[in-house]
Amino acid sequence: MHDIRTIRENPAAFDAAISRRGLEPVSSELLRIDEDRRAAILAAETAQADQNKAAKEIGKVKASGDDAAFQTLRDEVAAKKAAVADLQARAKELDDTLTELLIGLPNLPFDDVPDGADEDDNVEVRRWGTPRDFDFQPKEHFEIPGVIPGMDFETAAKLSGSRFVVMSGAIARVHRALAQFMLDTHISENGLQETWTPVLVRDDMMYGTGQLPKFGEDSYQTTNGWWLVPTAEVTLTNIVNGMTVDESTLPRRYVAHTQCFRSEAGSAGRDTSGMLRQHQFEKVEMVSITHPDHSRDELDRMTGCAQGILEKLGLPYRTVVLCVGDMGFGARQTHDIEVWLPGQNTYREISSVSVCGDFQARRMNARFKPADGGKPEYLHTLNGSGLAVGRCLIAVLENGQEKDGSVTLPEALHPWLGGHTRISADGKMV
């Protein structure tokens, strides 16, 4: 959410930043409501003071024995009490209106985020690895002979419908090994704290990280009001919801492996084949809670953590800075990491790492106490995939496929596979 005081101080700068998101200027409307709200609050406070003053006089008048004056004053206090209630209700109505408008506005991009409308305007900043030169036409993951026995979409459709998969045998084992490899690497080498969190959360947790109120259709809600998390960003970030932490405890760096659930609203017809875009999937998620002065450096550190996983697996990738038109609602800057998929002959997103500034912290009322004893300040939050497990599985299978239908698995993964190194053409781990 945005600080209305900052908008008051420089409305033109706010409108210029929000216009980069493709939105019309809104500061004049926000400031008009804010002015009315503050006037209503002042009027309510003034009326309350008058009511209190009159109430104090009642006892004196009653003690004097002047019944007529007592009745007049009592009627006056009752009228003032009703007026105060009306003014307070008006102030709350205006406050709710202002909050609703502010909470629906996206975060402001950093000045150096590239302008642009969509993914075609993203800017590549890093490329690692050389795509393998196959001596045969590489297949997509679901077409590889050694993969087919362990990746069952028909049974999944019977169980749950489209955009689900049943994995078994070697494929299920590689999928599990990838998640464990990612977790162990982030914990032992990258200094993240392993965390296990629920996948069912309350409304206010989804509000805190920005999935609500605008993007409810992208997630699933249970009949008793819980939401299935679209990513562990929701739970990990909301650990500090409503808290004021000591500066000495920063940064807080979390990592969690969870199931994730997305309705994929608006993605009809996109990536319908295979398991690239699923309603239920697994992700190893990184979240950092930092001091405001350190959040941009933390973005680079987290990006490096995600890139390091791909480098250990020997998977070619490229990193892009998203333009404003392709950036998520809560981000100030985002780095997307795209892994090479030879079956599609293109790079596809496997991680998105974002710095949100104090945007989520304001929604969560999450602050820190400065070490020098100053006033509490809002924390900065960051989140990023480290990595999407299913998409990493796709990349491992497609990049490791052989002409005979088998799959050679990355050496870095062997310790998590009990020393097995390949999936045979008939789907066995060997």
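Glutamate 298 has its place in helix H9, and at 5% relative accessibility this residue counts as buried. The structure described here is a predicted model.

**Glutamate 298 in helix H9**

- Helix H9 covers residues 295-313, and glutamate 298 belongs to this helix.
- Glutamate 298 counts as buried because its relative accessibility of 5% falls under 20%.
- The side chain of glutamate 298 is joined to that of serine 288 by a polar contact of 2.7 Å.
- Glutamate 298 and serine 288 are 10 residues apart along the chain, and their C-alpha atoms are separated by 7.7 Å.
- When neighbours within four places in sequence are left aside, the residues in contact with glutamate 298 are Arg253, Ser288, Thr290 and Leu382.

**Serine 354 in strand S13**

- Strand S13 spans residues 346-355 and includes serine 354.
- Serine 354 has a relative accessibility of 8% and therefore counts as buried.
- A polar contact of 2.7 Å links the side chain of serine 354 to the side chain of threonine 334.
- Residues up to four places away in sequence aside, serine 354 touches Leu299, Ala331, Gln333, Thr334, Thr381, Leu382 and Asn383.
- Leu382 is among the residues that serine 354 touches, and Leu382 is also in contact with glutamate 298.

**Helix H6 against helix H9**

- Helix H6 covers residues 169-188, and its axis comes within 11 Å of the axis of helix H9, with a crossing angle of roughly 125°.
- This angle makes H6 oblique to H9.
- The crossing of H6 and H9 is right-handed.
- On the H6 side, the residues that meet H9 are Leu178, Phe181, Met182, Thr185 and His186.
- On the H9 side, the partners are Cys305, Ile309, Lys312 and Leu313.
- Sorted by class, the contact of H6 with H9 has six nonpolar residues, two polar residues and one charged residue.

**Helix H6 against helix H11**

- Helix H11 spans residues 389-400; the axes of H6 and H11 come within 9 Å and cross at roughly 115°.
- The crossing of H6 and H11 is right-handed.
- From H6, this contact draws on Ile171, Val174, His175, Leu178, Ala179 and Met182.
- From H11, the residues that take part are Val389, Gly390, Cys392, Leu393, Val396 and Leu397.
- By class, the contact of H6 with H11 has 10 nonpolar residues, two polar residues and no charged residues.
- Leu178 and Met182 of H6 meet residues of H9, and Leu178 and Met182 also meet residues of H11.

**Alanine 117 in an exposed loop position**

- Alanine 117 is located in the loop between helix H4 (67-103) and strand S1 (123-128).
- With a relative accessibility of 57%, alanine 117 counts as exposed, because exposed means over 50%.
- Alanine 117 touches Cys323, Gly325 and Asp326, not counting residues up to four places away in sequence.
- The C-alpha atoms of alanine 117 and proline 145 are separated by 40 Å, and these two residues are 28 residues apart along the chain.

**Cis peptide bonds**

- The peptide bond from leucine 212 to proline 213 is cis, with omega near 10°.
- Proline 213 lies in the loop between helix H7 (203-209) and strand S6 (220-221).
- Glycine 386 and leucine 387 are also joined by a cis peptide bond, with omega about 20°.
- Leucine 387 is part of strand S16, which covers residues 380-388.

- Arginine 163, a residue other than glycine, has a positive phi near 65°.
- Arginine 163 sits in the loop between helix H5 (153-159) and strand S3 (166-167).
- At 15% relative accessibility, arginine 163 counts as buried.
- Asparagine 365 is not a glycine, yet its phi is positive at about 55°.
- The loop between helix H10 (359-364) and strand S14 (367-369) holds asparagine 365.
- Asparagine 365 counts as partly exposed, at 38% relative accessibility.

Key. Residues are numbered from 1 along each chain as its sequence is written. This is a predicted model: local features need pLDDT of at least 70, side-chain atom pairs count only at pLDDT 80 or more; totals for chains, interfaces and linings use all residues. Side-chain values use heavy atoms; hydrogens and water are left out. Helices (H or I, at least four residues) and strands (E, at least two) are DSSP runs, numbered from the N terminus. Buried means under 20% relative accessible area, exposed over 50%, partly exposed in between (1.4 Å probe, protein chains only). A polar contact is a pair of N or O atoms within 3.5 Å; within protein, one must be able to donate a hydrogen and the other to accept it, and residues adjacent in sequence count only if both atoms are side-chain atoms. Contact means heavy atoms within 4.5 Å. Axes are lines fitted to C-alpha atoms, for helices over the stretch in contact, and angles run from 0 to 180 degrees between N-to-C directions. Angles under 35 degrees count as roughly parallel, over 145 as roughly antiparallel, 65 to 115 as roughly perpendicular and the rest as oblique. A crossing is left-handed if the near helix is turned anticlockwise from the far one by less than a right angle, and right-handed if clockwise. Ala, Val, Leu, Ile, Met, Phe, Trp, Tyr, Cys and Pro count as nonpolar, Asp, Glu, Lys and Arg as charged, and the others, Gly among them, as polar.
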